[in-house]
Amino acid sequence: MEAARIEQWWGRLDPGTQQWLMDNPGTVILPRTVANAIRASVGDAPDQDHFEVSDAARSFIRTKAEERRAGQNAN
C-alpha cells in the first residue's frame, strides 16, 4: 500500500480518512476517494488507479480501531 510504513504517516491523515479506514479495516483495495485523501496527506504515495492495503497495514488499522472502541467504552 505505501512506500513508507503506515505507522509513519498515519498521524498525517485527516480524521475523516482515519475514521473511514478504522470503519473498514479489512479493505484490501481502497476506493479512489480514500486513496486520493491518503495521497494528499502523505504526499509520497505512488500515483496509481488503486491503493492496495498490505496485511501489515490492515493489522495496524484493526489495532487502531480496537483502541478507539476501547476508549469509547471507557467513557
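This is a predicted model: local features need pLDDT of at least 70, side-chain atom pairs count only at pLDDT 80 or more; totals for chains, interfaces and linings use all residues.
**Exercise 1.** State the order of the elements from the N terminus on.

*Solution.* Step 1: the protein has four helices and two strands. Helices (H or I, at least four residues) and strands (E, at least two) are DSSP runs, numbered from the N terminus. Step 2: the order is α-α-β-α-β-α.

**Exercise 2.** Describe the aromatic pair and the surroundings of Trp-10.

*Solution.* Step 1: rings of Phe, Tyr and Trp (its six-membered ring) pair if their centres lie within 6.5 Å; planes under 30 degrees apart count as stacked, over 60 as edge-to-face and the rest as tilted. By this rule there is one aromatic pair. Step 2: Trp-10 and Phe-60 are edge-to-face, with 5.5 Å centre to centre and 75 degrees between the planes. Step 3: Trp-10 lies in the loop between H1 and H2 and Phe-60 in helix H4, 50 residues apart, and the pair links these distant parts of the chain. Step 4: Trp-10 has 8% relative accessibility and therefore counts as buried (under 20% relative accessible area; exposed is over 50%, partly exposed in between; 1.4 Å probe, protein chains only). Phe-60, at 15%, is buried. Step 5: leaving aside neighbours within four places in sequence, Trp-10 is in contact (heavy atoms within 4.5 Å) with residues including Gln-18, Leu-21 and Lys-64.

**Exercise 3.** Which residues of H3 are buried, and where on the helix do they lie?

*Solution.* Step 1: the buried residues are Val-34, Ala-35, Ile-38, Arg-39 and Val-42. Step 2: they cover an arc of only 140 degrees around the axis (taken from the directions from the helix axis to the C-beta atoms), so they are on the same side of H3. Step 3: these buried residues pack against H1, H2, strand E1 (29-30) and strand E2 (51-52). Step 4: the face turned away from the buried side carries the exposed residues Arg-32, Thr-33 and Ala-40.

How values were computed
Residues are numbered from 1 along each chain as its sequence is written. Side-chain values use heavy atoms; hydrogens and water are left out.
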